[in-house]
Amino acid sequence: MNFPTLIAFEFPPINMLLRWQDVVPTINKVVIISIFSTLIGVGIFLAAARKNPMVAPKGARNLAEIIIDFVEKQIVMQTMGPTGLGWTPFLLTIFIFIYLNNMPGVIPLIQIPATARMGIPAFMALMVWVVYNVTGIKHQGPIGYFKSVLFPPGVPKALYILVTPIELISTFVMRPFSLAVRLFANMLAGHLLLVIFALLSEALFQARDRILIPVGVLPFAVLLFLTGFEIIVAFLQAYIFTTLTAVYINMASHAEH
Amino acid sequence: MEALATIVRIAAEAGDAVVDPAAAKNISAAASAGHAYGLAAIGPGIGIGIIFGKAIESMARQPEAAGMVRTTMFIGVAFTEALALIGFVAFILLKFA
Amino acid sequence: MLISTIFLAAEDLGPNPIAPENKELLWGAGSFLVFLFVMRVFLVPKVKKGMEARYNGIRGGHEAAQAARSSAQRDVAAYEAALVEVRNEVTARIDKARQTLDAERQAKVIEANARILAKRTEADTAMQTARAASRGDVAVAVGSVTTRATQLVLGKAPDAALVKRAVDNIMGGSRS
C-alpha cells in the first residue's frame with residue numbers, strides 16, 4: 001500500500017501491551033503489582049493497628065476505618081445482613097486486593113491493571129467458587145446443598161427437567177466464569193481504550209503534517225476523561241466483585257425456601 | 001472525486017493483497033470480531049439502561065430505600081454487563097487469537 | 001537495568017491474550033492468600049477492636065453527658081419547686097396580712113359605728129329629756145295660766161288636779 005500516511009499510527013500486537021519481561025524468573029510487572037498491593041494493604045492496616053484507637057482517627061487509621069465501614073455497611077449489611085458480619089475480613093481483603101490491583105491502570109508510568117491479565121481474576125473467581133461451595137456444604141450438608149441448588153423448592157416437578165441443568169451450569173460454571181471474565185474484561189477493555197487514545201494522541205502530536213498537531217488535543221482530552229472514568233471503574237469492579245461474592249456466600253449459607 | 005478515487009484504489013489494493021488463505025482468514029476474523037462485539041453490546045446496553053432508569057425511579061419514590069436499591073442495581077448491572085463482556089472476550093479471541 | 005526491565009514488554013508474544021499465565025496466577029494467589037491470612041488473623045480484628053473501644057468510649061462519654069444533663073435537670077426542677085414553694089408562702093403571707101388588715105378595718109368600722117350609734121342614742125336621750133323637761137315647764141305654765149284664767153272667770157281657783165288632767169289631755173291630744 002503506497003499511499004501517503006498522514007500519521008504514523010500503528011496498533012502494536014496486543015500481547016506487547018499486556019505481557020512483560022521477567023525481572024527475575026517468573027516475576028514480571030504484573031506479579032510485582034500484585035505483590036505490592038499486598039504490601040500496601042498490609043502496610044495501611046499495620047499503620048492503622050499501631051495507632052492509638054482512642055483518639056480521633058487520622059491518616060492510615062482513618063483510611064482503614066473508612067474501608068472497613070464501607071465494606072460492612074455497603075456490602076455485608078446490604079447483602080448478607082448482620083449474620084454475615086463474620087465474613088467482613090474476607091470480603092474486605094478481596095475488596096482491597098482487587099482495588100489495589102485495578103488502580104495501577106491509571107497511575108502514570110505503571111499503567112497496567114494487574115487484573116487486565118487473566119491470572120488474578122481467574123484465581124479469585126476459583127477461590128470464591130471454592131469458598132461458597134464449601135460454605136454451602138458446611139451449612140446445609142452435602143446432600144442438602146446440592147438438593148437446594150439443583151432442585152430449588154417451589155418449582156413444579158415437571159419443570160425440573162429444564163431447571164436443573166440451568167441451575168447446574170449457572171451455579172457451578174457460569175458464576176465463577178462470569179466473575180473472572182467481568183473483572184478481567186472490564187479492566188482489559190479500559191486498558192485498551194487508554195492505549196488506543198494514548199497512541200492516537202502521540203501519533204497526532206508527532207504528525208509530519210504540522211496542521212494535524214493541534215488535533216491531537218482531542219484524543220488527549222478523551223484520554224484524560226477516560227482516565228477519570230477508569231478510576232471509577234477500578235473502584236466499581238472491586239465493589240461488584242465483593243458484592244457478588246457476598247451474595248453467593250449468602251445464597252449458599254441459607255437454604256432457599 | 002479524487003478522494004473517492006483514492007479510496008477505490010486502496011480498496012483495490014487491499015483486495016489484491018488477499019491471496020493467501022491465512023490472511024483471508026485474519027481479515028474475515030477481524031470483521032466478524034467487530035460484528036460480534038457490536039451485536040453483543042446491543043442487548044446489555046438496553047438492559048443496563050432499563051436497570052438504571054428503574055433504579056432511579058424507585059430511589060426517587062422511596063429515598064429511604066436508596067441503599068438497598070443501589071446494591072441490587074449494581075448486582076443486576078453486573079449480571080447484565082457480563083453478556084457484553086463475553087462479547088468483548090469473543091472480540092479479543094477472534095481478533096487476536 | 002533491573003528496574004527498567006519492569007517496564008519492558010515481553011519479547012515473545014506468548015499465548016492467547018485472555019489465557020491466564022501460570023506465574024501471574026500463582027504469584028497473585030500467593031500474595032492474596034498472605035494478605036488474607038494477615039488481615040484475617042491479625043489486622044482486622046485489631047483495628048475492629050480499636051474501633052469498638054472508641055465507639056464504646058464515645059458511647060460512655062455520651063452516657064456521662066446524659067447523666068450530667070439529667071442531674072442538672074433534676075437540680076433545675078428542685079430549684080423551680082423551691083421557687084414555687086416560696087412564692088406560695090409569700091402569697092399566703094400576703095393573703096393573711098390582707099385578711100388581718102381587713103379584719104382590723106372591719107372591727108374598727110364596727111367600733112366606730114357602735115360609737116356613732118351610742119352618741120346618737122345619747123343625743124336622742126338628751127333631746128328626749130330636754131323635750132320632756134320643756135313639756136313639763138309648758139304644762140306648768142299652761143296649768144298656771146289656766147288656773148289664773150279660770151280664777152279670773154269663775155272667781156275661784158280650780159282644782160289643781162283637774163287642771164293638770166285637762167292640760168295633759170290637751171297637750172297629749174295635740175301631741176298624738
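This report describes selected features of chains A, B and C in a predicted model.

**Confidence in chain A**

The mean pLDDT of chain A is 89, and 96% of its residues score at least 70.

Where pLDDT is low, the predicted coordinates should not be read in detail.

**The nonpolar core**

The largest nonpolar core holds 79 residues. Within this core, L91(A), F95(A), I98(A) and F184(A) have the most contacts. Helix 8 of chain A, residues 217–253, supplies the largest share of the core, with twelve residues. In soluble globular proteins, nonpolar side chains tend to be buried together.

**Helix 2 of chain C**

Helix 2 of chain C runs through residues 22–154, a total of 133 residues. At 1.5 Å a residue the helix should span 198 Å, and its end C-alpha atoms are 185 Å apart, so the two values agree. The helix has a kink of about 50°, centred on M39(C). After the helix comes G155(C), which has a positive phi, near 85°.

Does this helix lie largely buried or in the open? Of its 133 residues, the number buried is 13, so helix 2 of chain C lies largely in the open. A residue counts as buried here if 20 or more other C-beta atoms lie within 10 Å of its own.

**Where chain C meets chain A**

The contact between these chains takes 38 residues from chain C and 41 residues from chain A. On the side of chain C, the elements that give two or more residues are helix 1 (2–6) and helix 2. Helix 2 of chain C gives the most, with 24 residues. By type, the residues on this side of chain C are 24 nonpolar, six polar and eight charged.

**A glycine in chain B**

G38(B) sits in helix 2 of chain B, which covers residues 21–61. Why does G38(B) count as exposed? G38(B) has 11 C-beta neighbours inside 10 Å, and a residue is exposed if the number is 12 or fewer. In sequence, G38(B) and F88(B) are 50 residues apart, while in space their C-alpha atoms are 9.1 Å apart.

Note on methods: Residues are numbered from 1 along each chain as its sequence is written. Chains are lettered from A and ligands numbered from 1 in the order in which they are written. This is a predicted model: local features need pLDDT of at least 70, side-chain atom pairs count only at pLDDT 80 or more; totals for chains, interfaces and linings use all residues. Helices (H or I, at least four residues) and strands (E, at least two) are DSSP runs, numbered from the N terminus. The expected span of a helix is 1.5 Å times one less than its number of residues. The bend at a residue is the angle between axes fitted to the seven residues ending there and the seven starting there. pLDDT is the predictor's confidence in each residue, from 0 to 100. Two residues are in contact if their C-beta atoms, placed from the backbone, lie within 7 Å. Ala, Val, Leu, Ile, Met, Phe, Trp, Tyr, Cys and Pro count as nonpolar, Asp, Glu, Lys and Arg as charged, and the others, Gly among them, as polar. A nonpolar core is a set of buried Ala, Val, Leu, Ile, Met, Phe, Trp, Tyr and Cys residues joined through C-beta atoms within 7 Å.
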